[in-house]
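Please open the model in your viewer and keep the selection panel at hand. The tour below moves from chain pairs to a single pair of side chains.

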There are 4 protein chains.
Amino acid sequence: MTKQELVDRRQREIIAVASRVFAERGYHNTGVADIARELGAGHGTFYRYFESKLDLLRHVLDHAVDRIMAALADEDPGASDTAQEYRAQVERIGAALFRLLRDDDHLVRLLTMHASNVDAEITARVSEAAESLFSLTESYLRNGVDKGFLRADLDIEITARGVNGMILLGALNALGREEAINSERWIRGFTDLMFDGITAR
Amino acid sequence: MTKQELVDRRQREIIAVASRVFAERGYHNTGVADIARELGAGHGTFYRYFESKLDLLRHVLDHAVDRIMAALADEDPGASDTAQEYRAQVERIGAALFRLLRDDDHLVRLLTMHASNVDAEITARVSEAAESLFSLTESYLRNGVDKGFLRADLDIEITARGVNGMILLGALNALGREEAINSERWIRGFTDLMFDGITAR
Amino acid sequence: MTKQELVDRRQREIIAVASRVFAERGYHNTGVADIARELGAGHGTFYRYFESKLDLLRHVLDHAVDRIMAALADEDPGASDTAQEYRAQVERIGAALFRLLRDDDHLVRLLTMHASNVDAEITARVSEAAESLFSLTESYLRNGVDKGFLRADLDIEITARGVNGMILLGALNALGREEAINSERWIRGFTDLMFDGITAR
Amino acid sequence: MTKQELVDRRQREIIAVASRVFAERGYHNTGVADIARELGAGHGTFYRYFESKLDLLRHVLDHAVDRIMAALADEDPGASDTAQEYRAQVERIGAALFRLLRDDDHLVRLLTMHASNVDAEITARVSEAAESLFSLTESYLRNGVDKGFLRADLDIEITARGVNGMILLGALNALGREEAINSERWIRGFTDLMFDGITAR
DNA sequence: GATGAATGAGAATTCATTCAT
DNA sequence: GATGAATGAATTCTCATTCAT
């Protein structure tokens with residue numbers, strides 16, 4: 001293993017610990033010394049791997065965004081040709097997100113609650129990630145409208161934001177309750193709402 | 001004006017300023033001195049009206065929750081007998097929320113992003129408010145299912161969380177973009193999504 | 001009652017309250033607001049009667065010293081011609097001091113413990129009072145040596161300091177215990193020690 | 001030198017500086033910044049060695065009490081069988097105390113004047129130390145009464161308090177005057193008073 | 001390369017004093 | 001004359017960052 005690889009591994013280790021601790025206690029309530037203690041290292045060591053506490057937060061957020069994006073990358077926004085197929089895609093995406101949250105149950109909390117009030121730059125970074133997710137949802141919806149299996153009069157932008165909000169805040173709520181996550185029920189509930197609405201027919 | 005009224009007025013003034021500043025810069029990035037400066041007062045003055053900075057935050061949050069609850073209090077969750085009527089209720093609620101957000105554009109940001117990582121007690125307070133909103137949505141949905149104008153197989157809990165997420169995070173997005181808020185478009189987009197889903201028929 | 005008399009009365013009232021509170025909680029732990037509250041007056045009022053908190057302390061100490069001096073003024077240091085007579089004087093002085101302490105049980109504490117670490121000027125003032133008491137004891141002892149009823153080889157200065165220490169710290173101890181003050185026992189114990197020493201004969 | 005030894009040494013250094021400064025200026029008039037300045041260190045450094053300013057005071061007082069107790073520990077309260085022997089013991093104790101005061105001329109001032117009005121807990125700590133000294137004197141006196149070389153009718157409790165007051169406040173007076181301390185004269189004066197009283201025979 | 005002791009900028013809070021009402 | 005709201009200097013304590021070992 002080269003020297004660079006060792007450095008990378010240590011950085012990843014620190015990011016993993018910091019992700020958890022930042023999500024649990026918040027950026028401002030977590031000291032560099034806390035992170036170092038959890039790592040079992042001196043807190044001077046920390047500065048060999050990151051320029052500053054803020055620099056670490058940037059890496060932590062980038063890592064979180066990367067993981068979420070990776071979970072979504074398996075699906076192609078243009079792949080579906082029927083509502084049935086799109087619904088199946090959404091279910092697979094939902095399942096992937098739930099798997100992610102089950103492994104890293106602090107990911108959402110990190111992004112939505114704890115990282116935003118640090119800095120204008122950090123806020124912008126989080127917003128940018130949210131916009132990416134929004135654009136992704138938009139392209140799925142556009143595909144469906146173009147191919148005619150989604151409503152022709154769909155306001156794609158508004159709907160995309162609504163769908164994302166439903167998913168993200170729903171996920172946050174799912175985590176808040178400590179109940180074992182019954183992912184199937186959540187996914188069914190959300191896809192039903194998204195595809196069919198609440199009205200009886 | 002009695003002395004108590006003067007005290008109340010000054011407290012409200014401080015809460016108004018702090019709501020804005022906390023939302024803009026975050027609780028931790030805002031010093032008592034900053035708040036005092038914006039008030040045009042010495043920072044000792046602040047402590048005549050609030051016990052501590054944390055005490056102020058509690059008041060700020062309570063005030064925010066009160067305003068949101070007040071905006072929702074005009075409607076009765078059991079009033080509607082048809083999907084049509086319920087949709088009209090939702091549109092009125094949406095309009096009320098948009099009016100609220102137009103006046104206090106930091107309200108949502110305050111609750112969702114900036115207040116949560118201060119303290120376990122503060123987190124609990126925000127969660128509690130979120131749960132109230134969730135329960136409220138649940139009672140609307142239950143009314144519709146009971147009366148038969150909403151889908152009989154609706155998973156009320158999951159759907160309520162989805163709907164609230166759609167609204168809250170959607171609102172946050174709406175504010176994030178600084179575009180003049182076209183509330184009618186947002187409301188139509190969200191009600192269409194909520195009542196009819198995205199599928200073409 | 002003239003205006004000046006009203007001012008004097010109010011000043012004495014404040015001094016009385018402050019003597020107690022300073023003795024109980026210490027100068028630094030007592031705020032101007034505390035004194036005002038006990039007086040049932042606004043704390044701005046305080047400044048009509050005293051220049052500052054420190055000025056009040058000066059008056060409080062002067063008053064305490066005056067009371068102690070007054071309690072000692074009834075006896076004449078040159079009056080005794082025999083050890084018997086001097087012992088009677090000492091017993092009367094002791095009784096007078098105990099009466100004083102019973103009325104104002106904070107007087108000693110005020111002088112010995114709570115007033116000294118405020119200021120160089122205050123420390124000097126307390127020392128000066130202690131020196132007066134010391135000189136007074138010296139003149140009693142000198143009278144006895146001159147008249148031959150006290151030991152000819154008495155080191156008057158040292159003995160005077162010893163006797164005063166015995167009395168003052170003894171008094172402080174007597175107050176520390178909350179036991180009802182059995183003044184006769186204390187006076188007998190101290191005069192026996194002072195006149196006869198501890199050695200068996 | 002181990003790390004723990006370095007920490008201990010630095011703590012002792014801080015205690016030594018603080019003992020002097022607290023005694024000179026008083027606890028309340030001494031800021032943490034003052035102590036740090038005298039140490040030639042940043043004031044953050046202080047908090048590496050003591051939890052708080054109050055914690056430092058506790059250590060300072062404990063150290064002072066330890067030194068006084070150590071100076072008294074060489075003598076055995078039950079060792080003397082004659083007044084002559086006891087007087088010799090008292091003279092040795094007096095000499096030891098004077099040596100102590102010559103080295104640490106702020107010790108007594110610290111205990112009697114400057115430490116008492118900080119806190120109920122601190123007051124209790126000082127009182128407790130005073131009670132220990134009182135008990136020690138009592139056991140010397142009891143030994144003498146039991147063996148018959150001190151007066152059978154001695155009120156041991158009262159006398160012990162008187163003797164301690166004589167010594168402590170006498171010592172304080174001795175220090176107050178800046179005259180070179182002529183310890184022999186003080187010791188002779190006090191032992192004469194204590195053993196023989198002032199009456200001519 | 002790792003460490004953690006030292007540092008001081010910065011933050012919250014207190015309280016004696018002033019002064020407009 | 002009395003009041004207490006306003007003030008800001010001063011104080012204690014925290015913690016990100018540096019750097020000598």
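Buried area here is the accessible area (1.4 Å probe) that two parts lose on being put together, summed over both. The model is predicted, so that local features need pLDDT of at least 70 and side-chain atom pairs count only at pLDDT 80 or more, while totals for chains, interfaces and linings use all residues. Residues are numbered from 1 along each chain as its sequence is written, chains are lettered from A and ligands numbered from 1 in the order in which they are written, and side-chain values use heavy atoms, with hydrogens and water left out.

Select chain C and chain D together: about 4400 Å² is buried between them, and carbon and sulfur atoms give 57% of that area. With contact taken as heavy atoms within 4.5 Å, chain C contributes 48 residues and chain D contributes 48 residues.

Next, show polar atoms across this interface, where 16 residue pairs, both at pLDDT 80 or more, are in polar contact (N or O atoms within 3.5 Å; within protein, one must be able to donate a hydrogen and the other to accept it, and residues adjacent in sequence count only if both atoms are side-chain atoms).

Four salt bridges are counted between chain C and chain D, each a side-chain nitrogen of Lys or Arg within 4 Å of a carboxyl oxygen of Asp or Glu. Zoom in on one of them, C:Glu157 with D:Arg185, whose closest N and O atoms are 3.2 Å apart.

Finally, select chain B with chain C, which no contact joins and whose closest C-alpha atoms lie 14 Å apart; chain A and chain D do not touch either, their nearest C-alpha atoms being 14 Å apart.
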